[in-house]
Amino acid sequence: MQSSTPVPRAAGRPRSATADTAILAATREALVELGWSKLTLGDVATRAGVAKTTLYRRWAGKNELVVDAVAELFDELRLPDRGTLAADIEGVVLQFAAILARPEAKSGLMAVVAESIRDDALRDRIRESIVDRQKCLVLEGRARAQARGELPPESDPEEAARTADLIFDVVAGAVVHRTLVSAEPADERWVHSFTQVLLLGLTSLSNP
């Protein structure tokens with residue numbers, strides 16, 4: 001999954017993936033060193049070794065740029081195949097917690113969420129670039145568990161979609177709160193306990 005293009009681009013020389021990677025990495029570096037308020041596109045351009053106009057051809061402003069820089073971190077998430085639903089959940093939650101523990105993820109995510117309170121377009125971009133892209137992990141994990149016989153198949157597509165949304169909200173909400181709000185470690189012991197609670201909820205949803 002690649003970062004979406006924020007501004008429609010006219011025909012011409014193709015975008016450079018190398019430049020995009022350098023720009024997003026420079027954005028994360030600047031966030032850690034400068035913080036949200038002091039970060040500028042000019043500073044990012046200097047760090048990335050590109051012209052400032054290059055950034056404006058790709059991103060409309062700082063909000064969009066930071067969302068994509070953070071989204072690229074979460075695109076590293078992979079659902080491991082550990083043989084059971086519980087083990088798969090523990091594996092991906094540990095990855096998620098490890099990403100959130102990184103200074104650039106903390107700085108970027110907290111900043112864009114705070115800004116999105118008064119910016120509906122930014123909130124939509126967070127949903128599209130981060131939330132919706134990572135929901136595929138829930139769908140993949142559920143399908144794998146159903147194939148193993150750990151969860152029953154779901155006949156109602158709308159209900160299945162609502163359940164997937166709920167699972168994502170529970171996982172993301174718990175881990176973000178644990179790591180960024182409570183500032184407590186989401187270590188193996190906590191992740192194991194959390195997974196057991198989540199599995200109890202999944203069982204009750206599957207057997208109403």
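Helices here are DSSP runs of H or I at least four residues long, strands are runs of E with at least two, and both are numbered from the N terminus. What you're looking at is a predicted model, so local features need pLDDT of at least 70 and side-chain atom pairs count only at pLDDT 80 or more, while totals for chains, interfaces and linings use all residues. Residues are numbered from 1 along each chain as its sequence is written, and side-chain values use heavy atoms, with hydrogens and water left out.

Let's stay with isoleucine 130 for a moment. Is it buried or exposed? Its relative accessibility is 9%, so isoleucine 130 counts as buried (buried means under 20% relative accessible area, exposed over 50%, and partly exposed in between, using a 1.4 Å probe and protein chains only). Leaving aside neighbours within four places in sequence, isoleucine 130 is in contact with Val67, Val70, Ala71, Phe74 and Arg125, where contact means heavy atoms within 4.5 Å. Take Val67: along the chain it is 63 residues from isoleucine 130, yet their C-alpha atoms are separated by 8.0 Å.

Now zoom out to the helices. Two packed helices are described by the angle between their axes and the distance between the axes. For α4 and α7, the axes come within 10 Å and cross at roughly 10°. That makes α4 roughly parallel to α7. Here, axes are lines fitted to C-alpha atoms, for helices over the stretch in contact, and angles run from 0 to 180 degrees between N-to-C directions. Angles under 35 degrees count as roughly parallel, over 145 as roughly antiparallel, 65 to 115 as roughly perpendicular, and the rest as oblique. On the α4 side the contact includes Val67, Asp68 and Phe74, and on the α7 side it includes Arg125, Ile130 and Arg133.

Some charged side chains pair up here too. Arginine 125 forms a salt bridge with aspartate 68, with the closest N and O atoms 3.1 Å apart; a salt bridge is a side-chain nitrogen of Lys or Arg within 4 Å of a carboxyl oxygen of Asp or Glu. Arginine 125 lies in helix α7 and aspartate 68 in helix α4, so this pair ties together parts that are 57 residues apart in sequence. Both partners are buried: arginine 125 at 12% relative accessibility, and aspartate 68 at 0%.

Arginine 133 and aspartate 75 also meet in a salt bridge, at 2.6 Å from N to O. Arginine 133 is in helix α7, aspartate 75 is in the loop between α4 and α5, and they are 58 residues apart. Arginine 133 counts as buried at 12%, and so does aspartate 75 at 9%.

For a contrast, look at α8, where glutamate 159 and arginine 162 lie 3 residues apart, about one turn of the helix. They form a salt bridge as well, with the closest N and O atoms 2.7 Å apart. Glutamate 159 is partly exposed at 36%, and arginine 162 is partly exposed at 45%. How many salt bridges are there in the whole structure? A search finds 20.

Finally, the largest nonpolar core has 57 residues, with Val44 and Phe74 among those with the most contacts inside it. Such a core is a set of buried Ala, Val, Leu, Ile, Met, Phe, Trp, Tyr and Cys residues joined through side-chain atoms within 4.5 Å. Helix α5 gives the most to this core, with 9 residues.
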